[in-house]
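Student: Could we go through this model together and check each label against its cut-off?
Tutor: Gladly, let's take a look.

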Amino acid sequence: MERTVESAFEHSLEALCDLINESFVGYVGGEVHFIPRMLSGFLVQNGISLARSLVARVDGGPAGIALLARRGSSVRVGLMGVAQAAQNLGIGRWLIGEIEREARENGDHRLELEVIEQNPRAVHLYEATGFRHMRRLIGYSGEGLGGTPEPLQPVEIADAARRITAWMPPDTPWQCSGENLVTFGPPFAAYRMGYRAADAWAIVSNPAGEAITINGLAVPPEQQRQGVATRLVGALIAAHPGKSWRVPPICPEEYGPIFTRNGMTRVPINQFQMEKSFT
């Protein structure tokens with residue numbers, strides 16, 4: 001069995017979609033059905049570099065894929081899968097080794113990823129290849145919520161993203177970090193809640209949609225753990241009555257009370273945030 005790896009940049013979006021879709025048949029988090037336009041949006045929204053991303057081949061045929069993003073000396077595995085016909089051949093473990101090899105060659109010092117906890121086979125793979133657990137990431141949802149009105153001011157997404165970058169911990173999950181959210185634009189929206197001495201910022205998906213996703217929150221460190229973020233979420237709910245609300249499973253578990261106090265409940269699928277550091 002001959003195994004090789006090459007840049008994803010050498011493949012068309014159509015071919016990458018076919019490989020990804022084949023790799024996620026029966027996936028616990030839901031099957032993936034990418035088309036080129038959807039994949040293009042995914043790449044932009046996640047900061048994926050096709051030049052850095054890898055396609056694994058076995059005996060000349062496509063067998064697996066790893067879509068990679070880079071920030072400083074850290075590399076995030078934004079998506080990794082092995083085609084059905086190539087599973088149980090050790091391709092996943094080998095591909096992780098190739099990701100680390102190329103990262104080292106490019107001067108990177110850290111790999112990061114998220115993996116669904118309810119996918120024990122994938123969790124074991126990453127544990128066995130040296131990744132450590134950082135935290136559990138939870139998702140939330142709610143319908144028919146009331147909220148408590150507070151004055152909200154529409155702001156630029158970039159301004160809110162800068163606050164998230166400045167005020168959130170450096171190990172904030174990649175997808176809800178300010179560095180990632182600064183690339184978002186309309187129909188996404190951002191709001192600032194300011195009252196008394198409090199100051200809080202939020203980035204959400206299209207407010208005109210039937211369901212609104214909360215993508216990021218920011219509260220100054222000196223005002224954290226004082227209920228400010230909880231009130232911000234309540235104000236968002238009150239300002240958009242009749243909407244369904246979603247928080248994707250990228251929210252650190254310790255922030256859960258912000259959402260449960262506003263009537264949301266945990267979704268059944270959650271993730272582990274994992275990392276591997278090296279020199």
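**Salt bridges and strand pairs**

Tutor: This predicted model holds 21 salt bridges.

Student: Why is the contact of Arg-57 and Glu-6 called a salt bridge?
Tutor: The cut-off is within 4 Å from a side-chain nitrogen of Lys or Arg to a carboxyl oxygen of Asp or Glu. Arg-57 and Glu-6 meet at 3.1 Å, N to O, so the pair qualifies.

Student: What makes Arg-57 buried?
Tutor: Buried means under 20% relative accessible area, and Arg-57 has 19%. Glu-6, at 21%, counts as partly exposed.

Student: How do you know whether Glu-105 is buried or exposed?
Tutor: Exposed requires over 50%; Glu-105 has 58% relative accessibility, so Glu-105 counts as exposed. Its salt-bridge partner at 3.0 Å, N to O, is Arg-101, which is partly exposed at 32%. Both lie in helix α3, 4 residues apart, or about one helical turn.

Student: Which residues are linked with Glu-105 in a network of salt bridges?
Tutor: Glu-98, Arg-101 and Glu-102.

Student: What makes β2 and β3 a strand pair?
Tutor: Pairing needs at least two bridges. β2 and β3 have 7, in the antiparallel sense, so they count as paired. One of the bridges has Leu-54 with Ala-66 in β3 as its partner.

Student: How many bridges join β3 to β4?
Tutor: There are 8, and these strands run antiparallel too. In the turn of their hairpin, Gly-72 has a positive phi of about 65°.

Notes: Residues are numbered from 1 along each chain as its sequence is written. This is a predicted model: local features need pLDDT of at least 70, side-chain atom pairs count only at pLDDT 80 or more; totals for chains, interfaces and linings use all residues. Side-chain values use heavy atoms; hydrogens and water are left out. Helices (H or I, at least four residues) and strands (E, at least two) are DSSP runs, numbered from the N terminus. Buried means under 20% relative accessible area, exposed over 50%, partly exposed in between (1.4 Å probe, protein chains only).
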